[in-house]
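I opened this notebook to record what I looked up, entry by entry. The structure comes just below.

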Amino acid sequence: MSCSSPQPTRFVSSICLLCALLAAPPVRAQQADEATISLLANVLSAADARRFDGAGLREALSHPSPAVRRQGALAAGRSGDPAAIDLLLPALNDSAAAVQAAAAFALGLLKDARAIPALVLTIRAAAATDAGAPQVEAVTAIAKIGGDDGAKALTDILAAGSPAAASPPPVSAALLESWRLGTRAPLAQLVRFADATDAATRWRALYSLARLHAKEGAASLIRALSDPDPQTRTVAARGISKALLDSARLDPRDALAALRRLLEDRDAHIRINGLRALASFRDSGLAPAVVPLVADRDIGVAVQAETTLGVLRGSAAVAALRLPLTSSVFSLKRQAIIALAQADSGAGVTAAAGISGDADWRWRSVAAEAFGAAHARDRLQTLLADPDGRVVAQALQQLQRVVPASDPSLNARARSLLTHVDAAVRSVAADLLARHPSVDDVDLLVAAYRRAEGDPFNDARLSAVSALGAIAAASSAGRVRVASQFVSATPRPEDYLVRRLAADTLPDTRDGWGPVLPIATARTMADYRDIARRWLAPALSGTNPHVILETDRGRLDIELLPAEAPVTVAAFLGLVERRFFDGTRWHRVVPNFVVQDGDPRGDGWGGPGAGFVLRDEINPVRYDVGTVGMALSGPNTGGSQYFITHSAQPHLDGIYTIFGRVVGGVDVLNAIGMGDRIRSIHR
């Protein structure tokens with residue numbers, strides 16, 4: 001098992017998957033001959049291009065090795081083609097549990113209701129006590145497919161369980177995944193299990209109720225705030241909010257009393273979730289209970305306490321937020337300034353003014369965030385002249401947030417910023433113009449699109465296309481102008497993401513530019529064979545590569561998972577070999593959620609350079625403590641930015657590519673603050 005989880009039984013699905021993988025005979029190193037390498041490379045290539053290769057997938061799914069068959073099943077699901085269903089349904093009956101589980105997972109990726117009957121049969125094929133990864137993945141797939149058929153299937157599964165006993169794997173999975181059904185979720189069943197005798201059952205039911213913001217579950221969540229099980233308390237605190245209690249018409253006093261008690265919980269993650277819940281009440285009378293946590297020994301708790309005080313406001317909050325203004329810790333001082341601006345705009349503007357001329361661009365960017373929190377438009381306008389594009393982009397984003405969408409006063413400045421040297425600035429400028437579509441802006445946006453062709457990242461191009469799409473949708477004259485000035489005059493872009501956005505927002509490009517798929521991946525078959533030979537085949541034999549991440553707060557040992565995300569792992573290791581990450585800083589840290597890095601710009605906009613884009617390799621691994629995932633700005637937009645989770649995050653499962661897990665130094669995660677440095681990542 002992974003050292004990244006302090007509670008190894010937290011996710012029964014992860015354990016079932018691991019057991020299934022261990023039970024499947026691996027591909028021995030000597031067996032990974034050139035024929036197998038070529039087959040794996042073909043499968044990788046087709047999946048990466050989102051190209052359905054029926055012959056190649058059939059060959060992979062009929063290979064003697066279960067590990068290769070599993071790769072074929074995952075690739076079939078990642079193709080996104082409904083034709084893959086006919087190949088995956090027989091794989092549900094494969095002789096290897098790992099292949100069965102991968103087939104079920106892949107059917108969930110395809111989200112086609114035709115698969116539900118076969119998935120139900122997979123669940124019923126095993127006795128409750130014998131259920132494992134295939135049954136768990138079948139339940140998860142049904143939840144992803146959803147609809148009336150999916151809701152009925154999950155309701156039937158839950159009806160077979162009992163709150164008076166430990167839940168078998170299918171029932172546990174159904175409880176945890178029911179939130180995916182939305183308005184069709186079986187609320188009555190979830191409430192029935194919310195007070196189950198088994199803690200693992202309780203928290204799963206409560207998790208779905210919390211994700212659904214279901215008023216029917218509010219009373220159960222309040223009771224769970226005092227549960228003896230820490231995971232149950234964590235989930236309950238995460239789900240409680242004033243809006244939920246108002247919708248259920250419940251007196252908030254019991255919830256507030258329990259939340260105050262959680263502020264003294266010895267589990268830092270529970271304290272953080274309690275602070276977030278208290279912030280939702282926006283009651284300055286709660287501030288005195290929060291004030292002591294500004295000095296909490298856990299940096300995540302301290303930062304969240306500052307954040308909560310900014311929302312609660314009041315004299316106690318303002319006084320407490322002044323203290324960290326002299327802190328030498330970047331994350332503490334940063335959040336104190338921003339929170340102070342929320343709690344008292346005048347005091348916040350004064351504090352931000354003191355750093356708005358700092359030599360370090362990061363502090364000037366923080367000043368922009370604080371000015372935004374204080375709604376200081378004049379101060380933000382001044383920062384638009386900053387010499388660093390990262391500061392300008394932040395200021396412009398804050399203006400975008402502060403100025404109502406109905407107010408066109410930013411348009412003139414946005415037009416002038418379409419020629420800015422920084423791609424992020426141009427991206428935000430185009431987004432602002434999209435709020436007020438005007439035919440007169442077509443030529444400027446077309447020029448901005450062409451100017452962005454040489455950018456290190458594609459955001460400015462995407463924003464230009466989005467703005468042109470808004471103009472085309474606003475009037476017939478706009479559509480004609482965009483079609484003649486842009487669609488007809490612009491060659492079909494190589495960038496799949498630009499084509500996909502254009503197909504959605506500019507219907508005329510579907511004829512002018514042709515189909516969105518397949519994707520030109522910029523990789524050759526030799527590249528895919530190299531990935532298969534160097535990383536995938538050894539992983540299928542049980543050997544995973546590791547990297548050591550050296551931070552200001554300590555060392556993390558990360559095991560990479562090529563069998564789950566081979567192209568992503570290969571790309572990440574390529575960047576490691578280039579020492580790409582050395583000296584970067586954690587530019588995003590959300591307490592009890594994630595730490596995020598991989599941006600050489602340091603502001604969240606950057607990546608390795610033009611053309612470096614990773615397609616999603618969604619896999620069955622779950623997000624638990626210390627899981628490493630690929631950060632995205634939308635489907636198939638991976639690059640160099642990655643994140644590591646502080647705790648279990650089931651809502652991320654099956655959405656963001658998992659390609660590694662922390663197996664050593666997991667305690668370091670909770671000590672990392674925004675702005676801390678990554679000294680090195682190396683093998």
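**Entry 1: strands 3 and 4.** I looked up Arg588 and found that its bridge partner in strand 4 is Gln596. Three bridges join strand 3 to strand 4 (residues 594–597), and the two run antiparallel. I noted how these terms are set: strands pair if DSSP finds at least two bridges between them. Helices (H or I, at least four residues) and strands (E, at least two) are DSSP runs, numbered from the N terminus.

The model is predicted, so I kept its limits in mind: local features need pLDDT of at least 70, side-chain atom pairs count only at pLDDT 80 or more, and totals for chains, interfaces and linings use all residues. Residues are numbered from 1 along each chain as its sequence is written, and side-chain values use heavy atoms, with hydrogens and water left out.

Next I checked the turn. Strand 3 and strand 4 form a hairpin with three residues between them. Asn592 in that turn has a positive phi of about 55°.

Which way do the residues of strand 4 point? Val594 and Gln596 point one way, Val595 and Asp597 the other way. All are buried, meaning under 20% relative accessible area, while exposed is over 50% and partly exposed lies in between (1.4 Å probe, protein chains only).

I then followed strand 4 to strand 6 (residues 642–645). Four bridges join them, and they run antiparallel. Val594 has Thr645 as its bridge partner in strand 6.

Entry 2: I traced an open sheet of eight strands, in the order 3-4-6-5-7-2-1-8, with antiparallel pairing. Strand 3 (588–590) and strand 8 (678–682) are its edge strands, each pairing on one side only. Neighbouring strands are turned by 20° against each other on average, direction ignored.

**Entry 3: salt bridges.** How many salt bridges does the whole structure hold? My search gave 36. Each is a side-chain nitrogen of Lys or Arg within 4 Å of a carboxyl oxygen of Asp or Glu.

I looked at Asp94 and Arg69, whose side chains meet in a salt bridge (2.7 Å, N to O). Asp94 lies in the loop between helix 5 (85–91) and helix 6 (97–110) and Arg69 in helix 4 (residues 66–78), so the pair ties together parts 25 residues apart in sequence. Asp94 is buried at 13% relative accessible area, and Arg69 is buried at 7%.

I returned to strand 8 for Arg679. Arg679 forms a salt bridge with Asp552, the closest N and O atoms being 3.2 Å apart. Arg679 lies in strand 8 and Asp552 in the loop between strand 1 (546–551) and strand 2 (554–560), so this pair ties together parts 127 residues apart in sequence. Arg679 is partly exposed at 46% relative accessibility, and Asp552 is partly exposed at 30%. I also noted one network, in which salt bridges that share partners join Glu137, Glu177, Arg180 and Arg622.

**Entry 4: two helices.** I looked up helix 7 (residues 116–124) and helix 8 (residues 133–145). They pack at about 150°, with axes 8 Å apart. Axes are lines fitted to C-alpha atoms, for helices over the stretch in contact, and angles run from 0 to 180 degrees between N-to-C directions. Helix 7 is therefore roughly antiparallel to helix 8, a label for angles over 145 degrees. Residues of helix 7 that meet helix 8 include Leu119 and Ile123; among those on the helix 8 side are Ala138 and Ile142. Contact here means heavy atoms within 4.5 Å.

Notes
Parallel < 35°, antiparallel > 145°, perpendicular 65-115°, else oblique.
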